[in-house]
Each structure stands twice: as C-alpha cells, then as structure tokens.
Amino acid sequence: MTGLTAPRHITFIPLTDLPPDPANPKRHEVERIIASIKDHGFIETPVVDERTGLVIAGHGRRKALIEMQVRGEPTPDGILVDDDGGWLIPVTRGWSSSSDRQAHAVLILLNRLPAAGGWEPEALAEILEDLATSDTDLYDSLCISDDEMEELLRQVDPERLPQGPDVEVSEGEERHLDDGFDGADGYADSGDNERSGTVCCPACNHLFSPGR
C-alpha cells in the first residue's frame with residue numbers, strides 16, 4: 001500500500017470556504033436538517049467538485065450549519081473549531097467533473113438516487129414499530145406523520161411484525177378494525193392519533209403508543 005494516492009480523501013475546511021453551486025435546483029428543509037444534526041451530529045460529508053471548487057453534494061447541510069452558527073448553536077458533533085471560533089467541516093475531495101453539464105447532471109443525480117429505490121415495507125415497518133414503541137425522541141427525529149405510518153402498515157403482513165396481531169393494549173385503548181374506516185381510502189384520521197397518543201395499524205389493529 002506504500003506510495004498509493006487515495007483517489008478520494010476527507011479534509012476539514014472552514015465553513016465559509018465552501019461555496020455553493022448557484023445552479024443548484026434542490027430545495028431544502030433547513031429546519032429538519034438542523035434538527036437532524038443536533039440529534040445525531042454531522043454525519044454525511046459534503047463533496048466538492050475539484051474542477052469548479054463548488055459543492056456538488058451537501059448544499060442543504062452547508063446551509064443548515066451556517067444557520068446554526070448564526071444562531072449561536074453549540075458546535076455539532078463532527079465539526080471542529082479553529083482558533084478564531086470558526087467552524088471547520090469535513091468534506092470529501094478528489095472528484096472532478098469534466099464539464100459544467102456533467103457537474104449539473106451529477107448535482108441532480110446525487111439528489112435523486114437515494115430515494116429512487118423506495119423502501120422494503122416490512123423491514124421499514126419493523127424498525128419504525130420498534131422506535132415508535134420504545135424511543136419517542138428517535139422516532140420523532142424521523143418526522144414521519146401518523147398518516148405515513150398507517151399507509152406503510154397497510155403494506156405489511158402483521159403476522160411478521162415483532163409485536164404481532166395479538167398484542168395486548170391497555171384498557172380504553174382497544175379499537176376494532178372498522179373504527180375510523182371511511183369505506184374509501186382505508187382508515188380516516190379521527191384526529192386523536194397525535195404523536196403523543198397512538199397510531200393504529202389498519203392491518204393488525206395494533207395501537208402504537210410512541211415512547212410508552
């Protein structure tokens with residue numbers, strides 16, 4: 001391995017030295033990114049295009065960090081601080097586009113690829129069920145609505161979930177399969193499935209009580 005040069009490497013640079021690509025068409029939910037960084041630290045490093053010197057991936061993370069520093073937020077885990085108090089962020093270096101057209105294509109591609117494959121409903125439901133019933137903070141950090149959760153649970157076999165269809169619910173929480181059924185698109189939200197309350201699985205009638 002001696003003498004080999006890594007084609008990609010991570011280095012820390014000042015946040016202020018990370019210029020965005022003005023052509024970037026992606027919108028960002030900055031507050032959600034900020035919440036994620038505060039909950040879990042700075043995990044995924046931005047990528048710099050060596051040809052242009054601009055960000056090719058990580059515009060939302062850059063914007064979130066700038067906003068956090070402006071607000072006076074504590075330095076996130078994964079970020080260093082220089083002698084002047086400025087934030088130093090890890091970035092991936094070593095990739096170069098061949099043209100502006102390729103840079104713009106990659107800019108779009110890197111935003112589209114992560115969601116392109118969708119989810120494995122059963123595997124996702126198993127993880128979310130565990131989080132929803134055991135760790136409110138982690139479950140809430142995912143920002144998954146009750147409607148999204150119920151739609152996911154319609155796609156899985158309740159027999160294969162860890163809780164199973166015969167899970168016991170506390171007195172006053174029992175709900176029958178026809179409760180809230182609107183006859184059109186499945187189960188209507190009755191208005192009491194708040195994050196602090198319960199989420200009903202329309203497949204197995206299990207009531208998820210986040211964090212309880």
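Which residues does Leu65 touch, not counting residues up to four places away in sequence? I looked this up and found Leu15, Ile37, Phe42, Pro76, Ile79, Trp87 and Ile89; contact means heavy atoms within 4.5 Å.

I note that the model is predicted: local features need pLDDT of at least 70, side-chain atom pairs count only at pLDDT 80 or more, and totals for chains, interfaces and linings use all residues. Residues are numbered from 1 along each chain as its sequence is written, and side-chain values use heavy atoms, with hydrogens and water left out.

Core. I then turned to the largest nonpolar core, which has 16 residues. Such a core is a set of buried Ala, Val, Leu, Ile, Met, Phe, Trp, Tyr and Cys residues joined through side-chain atoms within 4.5 Å; buried means under 20% relative accessible area (1.4 Å probe, protein chains only). Leu18, Leu65 and Ile89 have the most contacts inside this core. α1, α2 and β5 (87-95) each supply at least two of its residues; helices (H or I, at least four residues) and strands (E, at least two) are DSSP runs, numbered from the N terminus. I found another core apart from it, with 11 residues, among them Leu124, Leu131, Tyr139 and Val156.

Thr92. I located Thr92 in strand β5. Thr92 is buried, at a relative accessible area of 16%. I listed what Thr92 touches, leaving out residues up to four places away in sequence: Arg8, His9, Ile10, Thr45, Pro46, Val47 and Val48.

Notes: Buried means under 20% relative accessible area, exposed over 50%, partly exposed in between (1.4 Å probe, protein chains only).
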